[in-house]
Amino acid sequence: RMTTKNIDLDSANRIIETGIKLAREHKHLPLTFCVVDSGGHMVSAQRENDSSTFRFEIAFGKAWSCTALGHSTRFMETSMAKNRPHFVDSLAAASGGKFIPALGGILIRSAETGKIIGALGVTGDSGENDELIGVMAIEQCGFKADLS
């Protein structure tokens, strides 16, 4: 079903569906989810009703940034943005604005091989809540969420 290199559509949709269910259980604001493969290509995205404008671009940017650098957006926000702000600015410029180093971007690793197979971007609530829902959804679907 899934190659060892990339997350497949069924798995991406399952992660998103799980994320939506968890967000509703926790009564978070309406979220938007985007899963990209290991090359940063969009696999699946969904926007909950009433999730605000521009959320797809943010969710995609969070997920894309993870695969582009091989790190979570938590690492980018807490380490890179504080220690190397000019480098972060240059990454945003070099990516044509796709680079979004804000909490809510999580690497997805294969539980079997440990290899990066994609990333999930979540947006719509606080960065902490976006990240929490994303991590729980990835783990509940049998993958490893990586915040490094």
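# Why is it called that?

Biologist: A polar contact of 3.2 Å joins the side chains of H28 and N129. What makes this pair a polar contact?

Modeller: A polar contact is a pair of N or O atoms within 3.5 Å; within protein, one must be able to donate a hydrogen and the other to accept it, and residues adjacent in sequence count only if both atoms are side-chain atoms. The 3.2 Å between H28 and N129 is within that cut-off, so the pair carries the name. Some background for you: this is a predicted model, in which local features need pLDDT of at least 70, side-chain atom pairs count only at pLDDT 80 or more, and totals for chains, interfaces and linings use all residues. Residues are numbered from 1 along each chain as its sequence is written, and side-chain values use heavy atoms, leaving out hydrogens and water.

Biologist: Thanks! How do you know whether H28 is buried or exposed?

Modeller: Buried means under 20% relative accessible area, exposed over 50%, and partly exposed in between (1.4 Å probe, protein chains only). H28 has 9% relative accessibility, so it counts as buried. It sits in the loop between helix 1 and strand 1. Helices (H or I, at least four residues) and strands (E, at least two) are DSSP runs, numbered from the N terminus.

Biologist: What does H28 touch, leaving aside its neighbours within four places in sequence?

Modeller: H28 is in contact (heavy atoms within 4.5 Å) with A23, D125, N129 and I133.

Biologist: Where do F56 and F60 lie?

Modeller: Both are in helix 2 (residues 55-69), four residues apart, about one turn of the helix. F56, at 34% relative accessibility, counts as partly exposed, whereas F60, at 17%, counts as buried.

Biologist: What makes R84 a charge over the ring of F87?

Modeller: A charge sits over a ring if NZ of Lys or CZ of Arg is within 6 Å of the ring centre and within 35 degrees of the ring normal. R84 lies over the face of F87, at 4.3 Å from the ring centre, so the distance is within the cut-off.

Biologist: Why are the buried residues of helix 3 said to be on the same side?

Modeller: In helix 3 (residues 73-83), T73, M76 and M80 are buried. They cover an arc (taken from the directions from the helix axis to the C-beta atoms) of only 70° around the axis, which puts them on the same side of helix 3. On the other side of helix 3, K82 and N83 are exposed. The cover over the buried residues includes helix 2, helix 4 (85-94) and strand 3 (105-109).

Biologist: What caps the N-terminal end of helix 3?

Modeller: S72 does: one of its side-chain oxygens lies 3.3 Å from the backbone nitrogen of R74.

Biologist: Last one: what makes up the largest nonpolar core?

Modeller: A nonpolar core is a set of buried Ala, Val, Leu, Ile, Met, Phe, Trp, Tyr and Cys residues joined through side-chain atoms within 4.5 Å. The largest has 20 residues, and those with the most contacts inside it are I15, F33, V35, I108, L120, I138 and F143. Helix 1 (9-25), strand 1 (32-37), strand 3, strand 4 (116-123) and helix 5 (127-140) each give two or more residues to this core. Helix 1 supplies the largest share, five residues. Apart from this core lies another, of 14 residues, among them C34, F60, A63 and M80.
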